[in-house]
Amino acid sequence: MEGFLYQASIYLLATVIAVPIAARMGLGSVLGYLAAGIVIGPVLGLVATDSEGLQHFAEFGVVMMLFLIGLELEPRALWDMRHRLIGLGGLQVVVTTLAVTGTLLALNYSLNHALAIGLIVALSSTAIVLQTLSEKGLMQTGGGRSAFSVLLTQDIAVIPMLALMPLLAMGAPSTVAQPDGSLEALSHAEGVPHEAMSLVAGLPGWGVTLVTLAAVAAVILAGVYLTRPLFRFIHLARLREMYTAFSLLIVIGIAFVMNLVGLSPALGTFLAGVVLANSEFRHELESDIEPFKGLLLGLFFITVGSGINFSVLFGDPLVIVGFALGLMALKGVILYALGRIFRMRGRDLWLFTLSLAQAGEFGFVLVSFSRQQSVLPDAIAERVLLVIALTMLLTPLFFILYEKISTRLNDGREPLEADTIDDEGPVIIAGIGRFGQIVNRLVESSGFKTVVLDHDMETIEVMRRFGFKGYFGDPTRPDLLHAAGLDKARVLVAAMDSPEATTRLVTYARKARPDLHIIARAYDRTHTYQLYRAGADDIVRELFDSSLRAGRYVLEQIGLSEYEAAEAEATFYHHDRKAIRELAELWDPNVPTTKNNEYIDRSRELDKDLESALLAQLAARDRDVA
């Protein structure tokens, strides 16, 4: 017991120290976990470097992650991805396998060894890539979606790879699936009983197929017909922990069933997640599983770091590091070429290329299986494991490289020429996003003409399809502003997404037209002060009005009448506008707000004035009632 508590304390201590430091440095949590594992394992020797058993446990983080991914994908969305799954993902696996195999054959590896290694390193790290894409908000980009499609194809490809591995061995012992997802060789000749459970052991091929299909069908049918009544039954207990227990039972139970028929637990739980994607209990499942997924994924990355065998690395560093870098370069070239074929450009192409260039966590499972099947000798397997770990360790650095490249790219597109503006109107609207659209529709529906400018061609094209006229071009360009009628316009609405661009536009427009009425969209209070300095007449904070309305609804629900809540809202509104104007005079862009004592003192005084005004309003209400 003391040993377990010691190990748990070391892992948790390393996590809470290394991960926040890595996150603060912009390196991401994955690199923090890997670094923590290296420090407590090979460097300090605080934990056993042979963490295979712990790693099998930690792999449930990957299983849970795929379950949560499945919950986010409706079956129809998965069907819509079929071209990228089969085309882009399938080509990546096949071409990478063949390229690595050919390279190793040229280096005098045997065909069996070369093909086995090619299959193993063709896979990328689902855990690292998806975790990093989610952390950096890149999952919904074109490159992120393409990377996800390839990762999903790779996870599915693990199944035929497991089936193919025994064919590459000579005189291999028979195998059965273990509950932890590994495969253990058995010696029936010695009559050694095995503890593994399998529903397909000893069955003919057609029997294995039927049992496997039945297991998949059982998972789908259970997801469709059993989860709702079971959740209602759990609800009767009215115990929060029962929901968590049931959510864990779903994931672990499905993983166990998949193991019984020799399928990937991750694939099974992903399938279950897709089935439950339309369920009303989806959000409940997500909230219950998410904490376990995060902890187990972190544990998985730590075990990868702690399992790096530096003695093998130091024994032949140039060869092993060369193999790792060569593998990432080879995969990168293949990914880049496939991305070009599938019409990816600019940032999306580089994100797709750099995010998938490593080997993956399923490679550890395949290496272990190949050793048990006598496909790879121990010496080669040790090196392959080290190469996989090194490529995973380098992946967060590749994401940093992507960010550096991304800042210098314009998405690979030639700059589009701005439209020729042949129209003028009393109102110019610069920026036609969610904010500008509502302004434009209200003004036009009231019978007034507008001239709309926006730098996003896709937004302008969508606008035109719905019958609204707009011009493509950068609204901060003086020539476009004057072509749109800046010299004669009565109102300019600066509604662009970028605070910096909005401030530049207001500054120029005020200098060009001192008499022009300028209405500007502000991001926050600080941006509001900047716009006041730039010369805007009316400034609208993005969320201010909607937040006021939400606050009014709260007041109505806790005892005030609609009239009283509306009066409180109006009082707050007028007081805030007055306060903003006063504080804008005290705001200094060269002094942090938290260190501007004059600003802070006046802000406190204004807050007390607001409180007094609202209390006076409530007192007047009480007198009227009395």
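A: In this predicted model, Thr-126 belongs to helix α8, which covers residues 126-135. Its relative accessibility is 0%, so Thr-126 counts as buried, since the cut-off for that word is under 20% relative accessible area. Leaving aside residues up to four places away in sequence, Thr-126 touches Met-65, Leu-66, Gln-131, Leu-151, Asp-155 and Glu-361.

A second kind of contact concerns aromatic rings. A pair of such rings is described by two quantities, the distance of the centres and the angle of the planes. The model holds six aromatic pairs by the rule applied here. In one of them, the ring centres of Phe-231 and Tyr-243 lie 6.2 Å apart and the planes meet at 25 degrees; because planes under 30 degrees apart count as stacked, this pair is stacked. Phe-231 and Tyr-243 are both buried.

Phe-231 also pairs with Phe-246. Here the centres are 4.9 Å apart and the planes stand at 85 degrees, so the arrangement is edge-to-face, the cut-off being over 60 degrees. Since Phe-231 lies in helix α10 and Phe-246 in helix α11, this pair ties together parts that are 15 residues apart in sequence. Phe-231 has a relative accessible area of 2% and is therefore buried; Phe-246, at 9% relative accessibility, counts as buried too. Through these ring pairs, Phe-231, Tyr-243 and Phe-246 form a cluster.

Arg-541 is placed over the face of Phe-544, at 4.2 Å from the ring centre.

Finally, the confidence of the prediction deserves attention. The average pLDDT of the protein chain is 81, and 87% of the residues score at least 70. Confidence is highest in strand β6 (residues 491-494), with a mean of 94, and lowest in strand β2 (residues 183-185), with a mean of 37. Over residues 171-195 the pLDDT stays under 50, although the model has 42 contacts for this stretch beyond four places in sequence. Where pLDDT is low, the predicted coordinates should not be read in detail.

Notes. Residues are numbered from 1 along each chain as its sequence is written. This is a predicted model: local features need pLDDT of at least 70, side-chain atom pairs count only at pLDDT 80 or more; totals for chains, interfaces and linings use all residues. Side-chain values use heavy atoms; hydrogens and water are left out. Helices (H or I, at least four residues) and strands (E, at least two) are DSSP runs, numbered from the N terminus. Buried means under 20% relative accessible area, exposed over 50%, partly exposed in between (1.4 Å probe, protein chains only). Contact means heavy atoms within 4.5 Å. Rings of Phe, Tyr and Trp (its six-membered ring) pair if their centres lie within 6.5 Å; planes under 30 degrees apart count as stacked, over 60 as edge-to-face and the rest as tilted. A charge sits over a ring if NZ of Lys or CZ of Arg is within 6 Å of the ring centre and within 35 degrees of the ring normal. pLDDT is the predictor's confidence in each residue, from 0 to 100.
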